[in-house]
Amino acid sequence: MDDILEHLEKIDDYRWRIPKTAKPGMQVDGIVYADEKLLKDIRHDKALEQVANVAFLPGIVSASLAMPDIHWGYGFPIGGVAATDPDKGGVVSPGGVGFDINCGVRLVRTNFKYADVKDKVQELVHSLFNLVPSGVGSKGEIRVTKKEERQIMVKGSGWAVAQGYGVQADLEATEEHGAIEGADPDAVSERAYERGKAQSGTLGSGNHFVEIQVVDMVHDAEIADGFGLEEGSVTVMIHSGSRGFGYQVCDDYLKTMMRCMQKYNITLPDRQLACAPLDSAEAKQYLAAMRAAANYAWNNRQCLMDLTRKAFERVFSTGWQKMGMDLIYDVAHNIAKLETHKVNGKEKTLCVHRKGATRAFPPGHPELPAHYQKTGQPVIIPGDMGRNSYLLVGTEKAAETFYSTCHGAGRVKSRTAAAKAFDTNKLVNELQAKGIYVMASSRATIVEEAPLAYKDVNEVVKVVHEAGISKRVCRMRPVGVVKG
């Protein structure tokens, strides 16, 4: 790691380079998006070493990229982006997606202003906590047969909507319309089926949450107005993924990929980067299973949004449509996707790995729905439960990151370190003094997710905004939080 730091070069105030000469075998440079302040936090773990290691991947294009929320992960750093070219021996690596496949975020608007909900925040949090199953191994009321589980893997959010857990407009405001093509239920193990059958509509544990928020700063009034938001607007953010189902898919295919290294004569500095050529049977099978898990996650968040709407209906005795609880957008931040990008002026199909990174398509991109053609794709960036979250939009300049940006604040303390450093009772009292009411399935979760265990999301978002790879629209502050 010291060697990597010695080679780090400043490009400008928001970009740093790890030249490919830093480690023999790097195919491309590493590019890190950060300012001087955030770089001090980034230096504390081995994430920069991982950025350099990712640059060894066969067929990698342009650079191994790292967002300002970067921290150490499995194989890839969390906050890492890499695109590989199938025509140049490009690979797919499960470590570039992560264990929680299609962990992601959705943002729901409401017609409420803070004054309308101020006296009901605790009641809303209790309603959400009672309706939304949370915690390790949590199981939901939505129980499915194996046949239905296979349908979820293919149809994603569409399955939930067909069951009455939402409306067609929800699908139009979801990345890939809530279901990526190419999923194959037969590529998924029996163990994954078993783990997933009772977890649709469950929050899970760790940093997953349902959060009631208030817009406290508008950066672009015209775009915010188009999203139905203004200062004082109440929003709800939902953060969850594919639960034990996606974890099992990743775990199964990591074992497969480990065997591929020798089979395809691939040499990498870290076995956690285990991969297979995109044209191989193993890669195709992994992508088919990963897509099944991604669709499972979109279905899960759709079900969670339905439960969230029901929780509000219980408190306000009004239908969710009358409360204006429309989905602004749902976007993944742990996924590998085949996308078209320009490389040296020519359009190429690339496998873009985003691990703890958010897609950020610009205005006019053909994959965006009509109502976001002028604004660009909504980009949803959760922070910690004591500070802020953000809504941004994608930009054309993000072409330099394969239309990717940050995904959150990024940890600076592990869960174990946070548990040792902070006192739960003191933390809850501090949050309540700030007007933030928190409930969690475990008191341990609260302290593990302490705000000071994370970088300041305001600083992280400032970097991606100033670097031009996404554009701030508005900032939200939390008032009520249900943690996993």
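Student: Which residue in β19 is the bridge partner of Tyr-390?

Tutor: Arg-475 is the partner of Tyr-390 in β19. The model is predicted, with local features needing pLDDT of at least 70 and side-chain atom pairs pLDDT 80 or more, while totals for chains, interfaces and linings use all residues. Residues are numbered from 1 along each chain as its sequence is written, and side-chain values use heavy atoms, without hydrogens or water.

Student: Why is β19 called largely enclosed?

Tutor: A residue is buried when its relative accessible area is under 20%, exposed when over 50%, and partly exposed in between, using a 1.4 Å probe and protein chains only. In β19, twelve of the 14 residues are buried, so the strand is largely enclosed by the rest of the structure.

Student: What is known about the side chains of β15?

Tutor: In β15 (residues 378-381), Pro-378 and Ile-380 point one way, Val-379 and Ile-381 point the other way, and all are buried. In a regular strand the side chains alternate between the two faces of the sheet.

Student: Where is Gly-25, and what does it touch?

Tutor: Gly-25 is in the loop between β2 and β3. Not counting residues up to four places away in sequence, Gly-25 touches Ala-55 and Phe-56. Gly-25 and Phe-56 are 31 residues apart along the chain, yet their C-alpha atoms are separated by 5.9 Å.

Student: How do you know that the buried residues of α5 are on the same side of the helix?

Tutor: The buried residues of α5 (residues 121-131) are Val-121, Leu-124, Val-125, Ser-127, Leu-128 and Leu-131. They cover an arc of only 160 degrees around the axis, which puts them on the same side of α5; the arc is that of the directions from the helix axis to the C-beta atoms.

Student: Why are α6 and α12 called roughly perpendicular?

Tutor: The axes of α6 (residues 146-155) and α12 (residues 281-316) come within 6 Å and cross at roughly 95 degrees. Angles of 65 to 115 degrees count as roughly perpendicular, under 35 as roughly parallel, over 145 as roughly antiparallel and the rest as oblique, so α6 and α12 are roughly perpendicular to each other. Axes are lines fitted to C-alpha atoms, for helices over the stretch in contact, and angles run from 0 to 180 degrees between N-to-C directions.

Student: Which residues meet between α6 and α12?

Tutor: Glu-149, Ile-152, Met-153 and Val-154 of α6 meet Arg-291, Ala-292, Asn-295, Tyr-296 and Asn-299 of α12. The residues of this contact divide into five nonpolar, two polar and two charged.

Student: What makes β1 and β12 the edges of their sheet?

Tutor: The sheet is open, has seven strands in the order β1-β2-β3-β4-β5-β13-β12, and its pairing is mixed. β1 (9-12) and β12 (334-343) each have a single partner strand, so one side of each is left without a neighbour in the sheet. Within this order, β5 (residues 78-84) and β13 (residues 346-355) pair antiparallel over five bridges.

Student: Why is α16 called mostly covered?

Tutor: Eight of the eleven residues of α16 are buried, among them Val-457, Val-460 and Val-464. Helix α16 (residues 457-467) lies across β2 (15-18), β3 (29-33) and β4 (60-71), at about 145 degrees to β4.

Notes. Helices (H or I, at least four residues) and strands (E, at least two) are DSSP runs, numbered from the N terminus. Contact means heavy atoms within 4.5 Å. Ala, Val, Leu, Ile, Met, Phe, Trp, Tyr, Cys and Pro count as nonpolar, Asp, Glu, Lys and Arg as charged, and the others, Gly among them, as polar. Two strands pair if DSSP finds at least two bridges between them.
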